[in-house]
Amino acid sequence: MTRIKRGNVARNRRKKIFKLAKGYRGAHSKLFRVAKQQVIKALRYSYRGRKNKKRNFRRLWITRINAAARTQDISYSSLISQLKKSQIAINRKMLSQLAVVDTATFNLVVAKSLNR
């Protein structure tokens, strides 16, 4: 049997890791073993970070809605409750955008939900 050379396969495997590790400091981008560990760790962090980003934005929207709702003498939780009861289907992202950009429309939505 002939000898099998796997230089291309091994090189491509390492190149893939080094490409992902580009920009890491010191041995983390130069040595294969260390780079591989750092890439695995970074990918784990990025996965977790994508979940945290959604969580943080939701918190921000709720804070903005709460601040705007309290200018109308209503708490966030009772506003959301009233919106659900009056079947106004508007998500928190849009509500917070209204609260920041267009307060008049936000006040109309609050008034409509309270049937004032």
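Predicted model: local features only at pLDDT ≥ 70, side-chain atom pairs only at ≥ 80, totals over all residues.

User: Start with H2 and H4. At what angle do the axes cross?

Analyst: The axes of H2 (residues 32-70) and H4 (residues 92-101) cross at roughly 45° and come within 8 Å.

User: Left-handed or right-handed crossing?

Analyst: Left-handed, for H2 passing H4.

User: Which residues meet there?

Analyst: From H2 they are Arg58, Trp61, Ile62, Arg64, Ile65 and Ala68, and from H4 they are Arg92, Lys93, Leu95, Ser96, Ala99 and Val100. By class, the contact of H2 with H4 has 7 nonpolar, 1 polar and 4 charged residues.

User: How accessible is Gln97? And Leu60?

Analyst: Gln97 has a relative accessible area of 43%, so it is partly exposed. Leu60 also counts as partly exposed, at 34% relative accessibility.

User: On to H4 and H5. What is the geometry?

Analyst: The axes of H4 and H5 come within 6 Å and cross at roughly 130°. That makes H4 and H5 oblique to each other.

User: Which residues make that contact, and how many are charged?

Analyst: Leu95, Leu98, Ala99 and Val101 in H4 meet Thr103, Thr105, Phe106 and Val109 in H5. The contact of H4 with H5 has no charged residues, 6 nonpolar and 2 polar.

User: And H3 against H5: what angle, what distance?

Analyst: H3 and H5 pack at about 65°, and their axes are 8 Å apart. H3 and H5 are therefore roughly perpendicular to each other. H3 passes H5 in a left-handed crossing.

User: Who is in that contact?

Analyst: H3 contributes Leu79, Gln82 and Leu83, while H5 contributes Phe106, Val109, Val110, Ser113 and Leu114. The residues of the contact of H3 with H5 divide into 6 nonpolar, 2 polar and no charged.

User: Ser113 is on that list. Is it buried or exposed?

Analyst: Ser113 has a relative accessible area of 1%, so it is buried. Ser113 is found in H5, which covers residues 103-114.

User: What does its side chain reach?

Analyst: The side chain of Ser113 reaches the backbone oxygen of Val110, at 2.7 Å.

User: Change of topic. I am checking backbone torsions. What is phi for Asp73?

Analyst: Phi of Asp73 is near 60°, a positive value in a residue other than glycine. For context, most residues other than glycine have a negative phi.

User: Where is Asp73, and is it buried or exposed?

Analyst: Asp73 is in the loop between H2 and H3 (76-85). At 73% relative accessibility, Asp73 counts as exposed.

User: What about Gln87?

Analyst: Gln87 has a positive phi of about 55° although it is not a glycine. Gln87 is found in the loop between H3 and H4, and it is exposed, with a relative accessible area of 73%.

User: One more, at the other end. Where does Phe18 sit?

Analyst: Phe18 is found in H1, residues 7-20. Phe18 counts as partly exposed, at 27% relative accessibility.

User: What is Phe18 in contact with?

Analyst: Leaving aside neighbours within four places in sequence, Phe18 is in contact with Ser29, Lys30, Leu31, Phe32 and Ala35. The C-alpha atoms of Phe18 and Ala35 are separated by 6.8 Å, with the two residues 17 apart along the chain.

How values were computed: Residues numbered from 1 in each chain as written. Heavy atoms only, no water. Helix = DSSP H or I, 4+ residues; strand = E, 2+ residues; numbered from the N terminus. Buried < 20%, exposed > 50% of the residue type's maximum accessible area, 1.4 Å probe, protein only. Polar contact = N/O pair within 3.5 Å; in protein donor to acceptor, adjacent residues only side chain to side chain. Axes fitted to C-alpha atoms, helices over the stretch in contact; angles between N-to-C directions. Left-handed = near helix turned anticlockwise from the far one by under 90°. Contact = heavy atoms within 4.5 Å. Nonpolar A, V, L, I, M, F, W, Y, C, P; charged D, E, K, R; others polar. Parallel < 35°, antiparallel > 145°, perpendicular 65-115°, else oblique.
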